[in-house]
Amino acid sequence: MGKVSELYHQYVAQGRIGADAAQQAILPQLDRVIAELAALPPPAKPRSGWRGLFGGGQAGPVTGARGLYLWGGVGRGKSMLMDLLAACSPVPTRRVHFHEFMQEIQMRLEAARKRGDQDIVRPVALEVAAQVRLLCFDEMQITDIADAMIVGRLFQVLFEQGVTVVTTSNRAPEDLYKNGLNRQLFLPFIALIGERLEVVCLDSATDHRQGRDPGGQVWFVPADAVAHAALDAIWNDLTGGALPERGEIRMNSRSFALDALSGRVGRAEFWALCGQPLGAADYLELARRVDALLMDGVPRLGMSNYNEAKRFVTLIDALYEARVRLFASAADEPEQLYNEGEGSFEFERTASRLREMQDAAWGNKG
Ligand SMILES: Nc1ncnc2c1ncn2[C@@H]1O[C@H](COP(=O)(O)OP(=O)(O)OP(=O)(O)O)[C@@H](O)[C@H]1O
Ligand SMILES: [Mg+2]
């Protein structure tokens with residue numbers, strides 16, 4: 001616990017990070033959230049006995065601190081700052097990747113639906129609110145209609161329950177779910193964000209993922225026979241020469257196959273992973289299951305293979321979050337893979353991450 005700014009300056013003094021003026025400029029906002037959280041009254045204990053039963057023991061309205069919506073370009077340090085904030089939090093806190101959180105919510109909603117609840121989102125939101133006072137969402141991005149519909153109601157109940165929300169995003173709130181289907185239904189959520197969260201732009205000039213110490217080669221261009229052989233050699237090295245036998249990634253009621261799986265090392269063609277209808281849940285499971293992934297034949301991406309490209313973005317987010325090591329053969333360098341058309345904005349984050357994942361210090365989960 002303590003101030004975020006103190007922790008930040010401690011990290012700078014220890015040489016763990018460099019001083020970044022734009023990051024420092026928003027530290028007072030992070031300190032403010034912590035101070036407000038520290039000043040909140042302790043949560044009222046649920047009353048037992050008849051007063052609780054008949055609602056006579058209802059506490060007054062609960063309020064949280066005013067949260068943050070931290071947005072800006074890739075690699076600027078939003079997630080890092082949010083992690084510092086979470087580390088300083090004086091209240092029960094959960095830091096979670098937005099994709100993963102929505103996955104969990106979808107599962108809980110399924111249970112509520114089976115119970116036949118009327119307002120299915122409310123009980124699920126109450127369950128979440130009962131466990132935490134501060135929710136830190138990394139990378140809020142709304143790409144499908146199902147999430148867009150749920151998230152507004154969910155946040156409404158979380159705020160009503162006094163949960164403080166801090167979130168990072170690459171987009172300004174008004175650009176969330178941009179051009180999405182039935183976007184007008186999503187607008188009240190954008191208004192709610194503006195009302196309940198302080199919107200802060202991290203306007204740094206530096207993508208901290210660039211210019212790092214490159215480790216051994218992990219990204220092979222072009223995806224030819226030489227690259228294939230290089231990945232074969234990496235496979236042998238990582239698995240101790242295991243036979244490349246097919247392996248299943250299983251989850252709940254479904255599964256998908258990798259061309260090869262040995263221990264916690266997997267290998268698959270780009271098309272096997274991104275050319276079939278797999279989604280965030282599948283990639284999160286894959287990321288949990290392997291420490292290293294070898295991927296053959298990442299093509300140039302764009303409008304002609306838009307769906308595959310979108311899946312690739314989701315896959316890299318999942319691998320990055322779980323710190324999986326990625327070795328790939330590809331048509332070009334990350335920054336040149338997806339240069340124009342819809343989706344190239346989202347791809348900037350992917351390219352920035354692929355760079356960081358080439359870093360010598362990029363390790364697996366250890
Ligand atoms: N001031 C800094 N000095 C050195 N490294 C930093 C600094 N700020 C952030 N980093 C590092 O740069 C990398 C990118 O930072 P971070 O993941 O927080 O960026 P981000 O803004 O969340 O990017 P994205 O939009 O892609 O999620 C991380 O490894 C982080 O630890
Ligand atoms: Mg981030």
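A polar contact here is a pair of N or O atoms within 3.5 Å; within protein, one must be able to donate a hydrogen and the other to accept it, and residues adjacent in sequence count only if both atoms are side-chain atoms. The model is predicted, so local features need pLDDT of at least 70 and side-chain atom pairs count only at pLDDT 80 or more, while totals for chains, interfaces and linings use all residues. Residues are numbered from 1 along each chain as its sequence is written, chains are lettered from A and ligands numbered from 1 in the order in which they are written, and side-chain values use heavy atoms, with hydrogens and water left out.

**View 1. Polar contacts hold the stage around ligand 1.** Let's start with R353: an N or O atom in its side chain is 2.8 Å from an oxygen atom of ligand 1. S79 brings a polar side-chain atom to 2.8 Å from a ligand oxygen, and M80 does it with a backbone N or O atom, also at 2.8 Å from an oxygen of the ligand. On its own, ligand 1 exposes 640 Å², and the protein buries 87% of that (accessible areas come from the Shrake-Rupley method with a 1.4 Å probe; for residues, only the protein chains shown count as cover).

**View 2. Here is the shell around ligand 1.** There are 21 residues around the ligand, and G18, K78, S79, N170 and E356 come nearest (near means that a heavy atom of the residue lies within 4 Å). By class, the shell has 4 nonpolar, 8 polar and 9 charged residues (Ala, Val, Leu, Ile, Met, Phe, Trp, Tyr, Cys and Pro count as nonpolar, Asp, Glu, Lys and Arg as charged, and the others, Gly among them, as polar). Domain 1 (4-42 + 59-201) and domain 2 (219-356) each give at least three residues to the shell; the domain bounds come from an automatic or database assignment.

View 3. Strand 1 (67-71) and strand 4 (164-169) pair over 4 bridges, and L70 stands opposite T168 in strand 4.

View 4. Strand 9 and strand 10 (265-269) pair in the antiparallel sense over 3 bridges, with R267 in strand 10 as the bridge partner of A260.

View 5. Most residues other than glycine have a negative phi, and most peptide bonds are trans. The bond from V221 to P222 is cis, with omega near -10°, and P222 lies in the loop between strand 6 and helix 9 (225-239). Y177 is not a glycine, yet has a positive phi of about 50°; look for Y177 in the loop between strand 4 and helix 8 (187-196).

Definitions and conventions. Two strands pair if DSSP finds at least two bridges between them. Helices (H or I, at least four residues) and strands (E, at least two) are DSSP runs, numbered from the N terminus.
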